[in-house]
Structure formats: structure tokens, C-alpha cells
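Look over the structure first, then read on.

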Amino acid sequence: MSCPLPEIRVTSTVGKTEEELSRRRAELAARLGKQLPAGTLLTHEDELRPFECDALSAYRRQPLMVAMPRTVAEVQAVLRTCHDMAVPVVARGAGTGLSGGALPLEQGVLLNLSRMDQVLEVDVPNRLARVQPGVRNLHISERVAQHGLYYAPDPSSQIACSIGGNVAENAGGVHCLKYGLTVHNVASVEVVTIDGQHVRLGGPALDAPGYDLLALIHGSEGLLAVIVEVTVRLLPKPVYAQVAVAAFARVDAAGDAVASIIASGVLPAGLEMMDRGCIEAVNGFLDVGYPDCAGLVLCELDGTQAEVSSQIEAVSGILRDAGAVEVTVSRSEEERLRLWSGRKAAFPAVGRLAPDYYCMDGTIPRRHLARVLNEIKALSEHYRLSVVNVFHAGDGNMHPLILYDANREGELQRAEKLGGEILEACVAAGGTITGEHGVGIEKIDQMCVQFSPTELQQFHDLKAAFDPSGLLNPGKAVPTLARCAEFGAMHVHGGRLPFPDLERF
Amino acid sequence: MTAGNSVSIPPDADLTEALQNAIHAALADQRPLEILGSGSKRFLGRESSGQRLDIGGHRGIVTYEPSELVMTARSGTPLAEIESLLGRHGQMLAFEPPHFGPGATLGGTVACNLAGPRRPYAGATRDFVLGTRVINGKGEILRFGGEVMKNVAGYDISRLMAGAMGTLGLLLEVSLKVLPAPRVEATLAFERDEPQALVDMNRCAGRPLPVSAAAWCAGVMYVRLSGSETGVAAACAELGGDEMLPDTALAFWDALKEQRLAAFSGEGVLWRLSLPPATGSLPLDAESVIDWGGAQRWLRTDEDAERVRWVAGEAGGHAVAFKDGDRQGSVFHPMGGVLMQLHRRVKDALDPHGLFNPGRMYAGL
Ligand SMILES: Cc1cc2nc3c(=O)[nH]c(=O)nc-3n(C[C@H](O)[C@H](O)[C@H](O)COP(=O)(O)OP(=O)(O)OC[C@H]3O[C@@H](n4cnc5c(N)ncnc54)[C@H](O)[C@@H]3O)c2cc1C
């Protein structure tokens, strides 16, 4: 992933001098160089630049060096050596993360797993694929298509993102209401702990002895262990799918329609929603011809032809009863793909509306949709920044996209504050600050809003169980209690930062 | 909740405070606890020391929003009460949990992570856990996850609680994802020997059919289909076999889930082998009952525990001495050194004084 503008240079708080850093770099490179094949380490400034950031490109930092292992033994060598020298390690898959999880540390190694990109085994009778962590999500489905199988979780980034990154973020996709998240579709992982120990969690059966450490690794954002192999479950490809697209004059009516579909007892494969801003952006971007309306619902059903045909009629009826002014049902595979193309292009379409956009990821109980949308509207007016909305409506996962221009003084900061307040509104509605993109560095302050100090401490204790030295991706995902105290204090003072010139990070 | 019944049913009650006090008292006296719902699964696992702490009184459904597909209940709530409420709204616990007794509670069900015939096609208990409120081993009340389908804020401690046999904390409340119950179900029966049944069940699972259960017992393979009327009818036509009468089919799946089929009783230890589903017939001297499309095998045998575990391990799976085994020794499959070390540290992180169900899963945990 390239790193477009804008750019904030983040400096480490440790305050290591250039000199100290280059001495460390030299020593580490010498020790690792003895254990790794040539070409595994990148240390020159030019080589490091592509790894400065993930897809949350507002945050950038150059790592001490980048290690690009090809084997588990090489990963072990890197981790053991870093452990010995107390050098922090940040794992990275494809760098498509949206929360800064793979943001490097100046004094740390960026462990890039993208060269571990082999499909190791496809077990058709047991419907499993054993792959290396750098394998791209979509590649798995492509590899097993000949057997009529596929890997269900399909994040919109699936052509690029890695399966290791998917596990680390517990990625979701458009179809997760019916088929689940990454955690529901992974049989086992092999991980290497910071001290270089290699262990398998889970297995090829449907469960494994002991605690569900496999579940714990999902969404752990590279803080517990490095994932070096993933065995995913494969499903038979549904033979048939149809989508219904319904236009609503009011966005709350669209929300009610979503609730009615679910209450009726059908379980759609995908259930998505867009607001007017998003529909306009999409219609201006490609020729999908969505009706001009306040809210659009897309409902996809899949299964056998008999099953889908009978249910799509029922769903169309529910949409009409809920007040849809127009309902279109796909009559061919071509039409289905065309109707989806607008939703799939939502991000790039919105990307044309403003120089920059900032993607939020709050999840709420669906019944509070209208309320939270109104709050977002009020916040958007207050901060004088437009927000367009696209949701995984079936599971209440909202992606408000905040439009801004980083070249305009103060807009990025306003966008971040607006984003933070949207997330706090999600928590207040009984939801969460992140449904699928992870906390990373981006939402670390909002963790203080969602969790109490004792809960955060429990997270720290659990991290220490895996990584007692705290060297894996430190500073991400779970805030220190001190940080929360500081953030809380900021809140008391009316949301104004006490030291505006200090880098807030 | 259920009325018109002469047995008096305890009212809903929130005993959080009392339970927290009991834990603080136990901490002060350094006295371990055995957490107990109704005791329906007390036979499972190693014998635990510890003073009984009954959570059965901590009961009641806290929230249920059918259109959100989410239900939250206190851990002592009877499973039967939850299932009947969901049933009235056309919904279900898709993991089809076994009860093993009339009083089975939600807490015990989640702690044991047991699931019924629908498991391979719908998911296990752990797959449906969205959030929990727990008391950890320091007596702190903590909330993890929530009532939303997707949530990656913080480590997934809720799911970790599923299957931990109560050794990591006391569950106060659990939020579960629920699913619409299928409109129609049909069960097809086929005469098959075991090897052929295993091949057929896995072939079936690899095809886009609305299969919701597949089992084999005493020469007959059973395949259940669930969905819309037309969908199920089309799948039945495609698969052939003899369609069972609805009541007979219902009784069969229930007897399989609750272990009332004849093959579950008898001499020896009742072993549960959890295996990659396509594993062939096992080289053991007892006939299996096969559930989960091949992934779960039950058998009664006197064979040496080491040998049963070796067979399961060779196939890539694991074995549990589910019932009537030596409850002082190993019940669950032994784990390797690094994995066991991680387990100890995770236990220490959540229950540093070893308060909850000591030894129930593994000695020393
Ligand atoms: C256009 C776009 C659309 C997106 N759509 C979706 C979507 O629909 N659903 C969704 O869930 N996400 C989506 N994302 C976010 C992102 O693609 C996912 O979070 C993805 O899982 C990240 O994978 P990655 O390989 O790029 O990981 P990275 O960005 O490289 O890393 C993500 C995190 O995982 C850790 N990590 C990576 N690999 C490993 C490993 N092997 N071991 C341990 N830790 C590791 C990193 O340290 C970091 O914390 C989208 C992103 C973009 C840019």
C-alpha cells in the first residue's frame, strides 16, 4: 500500500538520539545478518520509506529496520534476537490496516510477513486450507475455486490484505452477518511468541483442548504473538445469489426495513445501507444509476436457486411494506454484480469528494441507528466537516466517512476530534468504537471511554501472559492507565487540549 | 417465566453483589471455589476441590431484541427458559446446546462450550458469544464485548471464557447472538456402513446444500436439512434416501444430543473424540456414534486411555474422557509444554490466586 498525503511525523517519546539509534541499528543488523539470508533486512532510508505507515497514512514513522522473513525459523531468529536486545517488534501484513496498527516504532523492527505468501496445503475432504500469513485473502478463494469451495470472510480490501492481518484484526466483510468474521472461519494458527517459541493454537478438528487461545489471537493486533501460519475453513460456494435494492425517502425508514427483514426470519448473506451523501458520490463516480433518495438498502440472499427465489420475493415485500419507494431485484448474475458495484466503489467514490477522508468503524445496536445518525449530523455541522455514511447494516457496523483537506490548517485535527466524538456516541448507544478495523493507534483514547481502568488492566495482564517484556507492538490497541487519566482530564476541560503544540498521539 | 406448573420456580434475581461478596470472602480466606449452576454437567472434567458457590439463583433474561438477533441473560438462567422464549419469536440458539439435565443453565453451557448436531454448519457456543460480564479472580466485575455482532475493541476475553470450565472467572451475564429458526426441517436416512457414511457426510458438506446435521449410528446415516420449504424440498429430491417422520426425526436428534441413544450407555469410559471430519473409521475396539458430520465421535470402551488419545492425536484431533473415566487423572487431552505454559500464564492473568474451579480442566490450572 502506498502512503498518500497527509503526513504527521511522529517521533518517539523515548527520545533516543540519532546516534544511539544508528548504533542500535548497526548492532542489531550485525546480529541478525548472521542468522538470516541476504536480502532479508532493509536498513537504508529509501528502503524503509514504503513501510512508514499503513492505510491510516496520517501517521508515519520510520522503523529502525525492516525484516522480511520467508520461513518460520527466520521469524524465530528475528524475535529471539529482538527479545535478547529488548528491541520492540511491529508485525505487518499487507499494510491495509485502517487504524495504524502496523505503524512502526523508530527504535523497533518492522517484521514484514508479506514474503511468506505460500498456500501450503489444500485439504478438500476436510475443507481446510493451510497457508502462510502473507497470503492475500482473495488468493485463497481463487486457489480453491476448482473444488467448488471458497473462504467466506471478504473484507473490501480482500485483493490486497493478508490472512495474517485478517486474523490480527478479526476482519469482517460484507457477508459476515451470515458467514461470520475471521474468528468463525479459522481452524488454527501457528504463532511465534516474542521469545521465539513456536506453538499451534486450535487444530483441524472443530475444537481443541484447553483455553480458546485461538479466539484470543483474533483481533489481538500483533500484541500477543506473531502469526506464522493460518489454517482456514472453506465453505461450498453458494450456487445462486440475488440482490434486492430498495430506495427510501427517509433514512430511519431504511433502518426499520433492515430490522423488519431480520425479524422476518431470513438471514441475508449481505445487508448494506448508504445515505444520500454516499449515494450521490457513487452515482457521480460510476454508472450504477442508484435512485436519488435518502437511504438505500441492499439485501443479498444466497443458497440454492429454489431457496433464494422464494425468499427474494418475501424480502421485496418487506421492503415495500417498510415504505420503499422503489425496489429493484437482480434478474441475472450480471445485474447482481452491477447493483453491487456501487456499494463496492463507495470508498473510492467518496474519495473524490474531498482531498482526504477519514473512515470510522463504530458498531451500534441497530435500533439506535436513527439516533446515532442524527448525532453524527449535529457533530458534522459543529465541526464544519461533511460526513457521508455507509454501513454494514445487518450487523450495525457503521462506516461514517469524514471528508477533510489535510492541507487546510487544522482540518485533520478537526476530523480526528469529530471522529472521536462519533465513536463516543457509538459507545453511549451501547455499541463499540471498532467493529472490524481495530484500535491500533487511532482509537486508543476512545478505549478509555469504552473500558474501565480495571478492564484495561485485565487486558494488560493478559498481554503480559504472552509477552511479559512488552516488546510486541507496544503502545497500540490498549492504552496505559496513565494515558487514560490524561485523556480523561482533557475531556473535563471541554475537549480542548491543554498543550496544543504537543504532538497528540 | 413458565407458568401453570406446580413446581415453584425461583424468581429472577440479580445476585451480583452477593456473588462478589462471596468471592471476596473466599479470597480473604484463601479458599477455592467450585462454581455451580444446576450441576447438570458436574460429571464433566476433573474432580475439583473448592467450596460450592451456587449461581443458580442469579437468573433472568436481561435483554432480548429479536430484530437485533441478540439476547443477554444472567448466567443462572435455565437454558430451557431461554430456548422457549426464543422459540416464541421464531428464533433459536443455533449451536443447539445439549442440556444433560432439566436445570441446565446458560453459564454452565457457555463454560463447557458444548454444542449439538448443528455445530459444524452453524458454529459452536463460542462462536455465538458476543459479550460477557464476569467477576475475575481478584473479585473485580468486568465487562467485555457487548451486544453487537462485531467488536474488536480489546482482547476477546468473552470468547476465552467459553470452554474454560469456569477456571478463568465467574460468568455473571452472557450476550449471545441468536438466529432465526428454520421454517422447515427434514431428515433423510440412508443405510450405510461407517466408512461410506464418513465419505458421504463430508461430500455433502462440501456441496452447497442446506445441511444442518449429519450423523451415523448403527448402520444408518442421518442427514438433516433446514431452510425454506422449497429449498429443503429441492435438497431432499437431490439427495434421495428415506425421509423420516418429523416426530421420529426430532426424537432422534434430541436423543443424539442428550446422549440417550443406546450406544451411549454401557461399560467402560464414554470417550468423545474431536477429529477432522473426514477421518476414517477408528482403529479402536468399539463402535462409534458419529455426530458433527464426522468431526465428533462417541464411543464406550475399556481400551487404555493412552491408546484412545494416541488414535485421536494421530488423526489430528483430541480425546476427552467425557464420562465415567478417572476424574483424578487426565480427562482432557494433555497439552505440550509451550502451550501448557501459556495456559498457566493466562490463568494467572485472570485468576491469580487460583480461586475458581482449581484442577477442573488440568491439574494445576
Ligand atoms: C480500502 C480498504 C477497505 C477495507 N475494508 C475492510 C473491510 O471491509 N473489513 C475489514 O475488516 N477491514 C477492512 N479494511 C481494513 C484492513 O484491510 C483489514 O484490517 C486487514 O485485516 C488488514 O490486513 P493487512 O494484512 O493489511 O494487515 P496490516 O495492516 O499489515 O496489519 C494490521 C494489524 O495486524 C498486525 N499483523 C499483521 N500481520 C500479522 C501477523 N502475521 N502476526 C501478528 N500480527 C500481525 C499488525 O501489527 C497490525 O496491528 C479495509 C482497508 C482498506 C484500505
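**Ligand, helices, chains and a loop**

Q: Which residues come nearest to the ligand?

A: In this predicted model, 36 residues lie around the ligand. G93(A), G97(A), G101(A), G164(A) and G165(A) come nearest.

Q: Which elements of chain A each supply at least two residues of the shell around the ligand?
A: They are β5 (89-92), α5 (163-169) and β12 (226-233) of chain A. α5(A) gives the most, with five residues.

Q: How does the shell around the ligand divide by class?
A: It has 15 nonpolar, 16 polar and five charged residues.

Q: What makes α13(A) roughly antiparallel to α14(A)?
A: The angle does. Helix α13 (residues 369-382) and helix α14 (residues 411-428) of chain A pack at about 160°. Angles over 145 degrees count as roughly antiparallel. Therefore α13(A) is roughly antiparallel to α14(A).

Q: What else describes this pair of helices, besides the angle?
A: Their axes are 10 Å apart. The crossing of α13(A) and α14(A) is right-handed.

Q: Which residues of α13(A) and α14(A) meet?
A: From α13(A) come V372(A), E375(A), I376(A), L379(A) and S380(A). From α14(A) come L418(A), E421(A), I422(A), A425(A) and C426(A). The residues of this contact divide into seven nonpolar, one polar and two charged. Glu counts as charged, so E375(A) and E421(A) are the two charged ones.

Q: How many residues of chain A are in contact with chain B?
A: 75 residues of chain A are in contact with 67 residues of chain B. A contact here needs C-beta atoms within 7 Å.

Q: Which elements give two or more residues to the side of chain A that touches chain B?
A: They are α7 (213-217), α8 (251-263), α10 (305-321), α15 (444-450) and α16 (453-466) of chain A. The largest share, nine residues, comes from α16(A). By class, this side of chain A has 34 nonpolar, 29 polar and 12 charged residues.

Q: Why is F43(B) called partly exposed?
A: F43(B) has 14 other C-beta atoms within 10 Å. Buried takes 20 or more, and exposed takes 12 or fewer. The count for F43(B) falls in between, so F43(B) is partly exposed.

Q: Where is F43(B) found?
A: F43(B) is in the loop between β1 (33-36) and β2 (51-54) of chain B. T72(B) is 29 residues from F43(B) along the chain, and their C-alpha atoms are separated by 27 Å.

Conventions: Residues are numbered from 1 along each chain as its sequence is written. Chains are lettered from A and ligands numbered from 1 in the order in which they are written. This is a predicted model: local features need pLDDT of at least 70, side-chain atom pairs count only at pLDDT 80 or more; totals for chains, interfaces and linings use all residues. Helices (H or I, at least four residues) and strands (E, at least two) are DSSP runs, numbered from the N terminus. A residue is near a molecule or strand if its C-beta atom, placed from the backbone, lies within 6 Å of it. Axes are lines fitted to C-alpha atoms, for helices over the stretch in contact, and angles run from 0 to 180 degrees between N-to-C directions. Angles under 35 degrees count as roughly parallel, over 145 as roughly antiparallel, 65 to 115 as roughly perpendicular and the rest as oblique. A crossing is left-handed if the near helix is turned anticlockwise from the far one by less than a right angle, and right-handed if clockwise.
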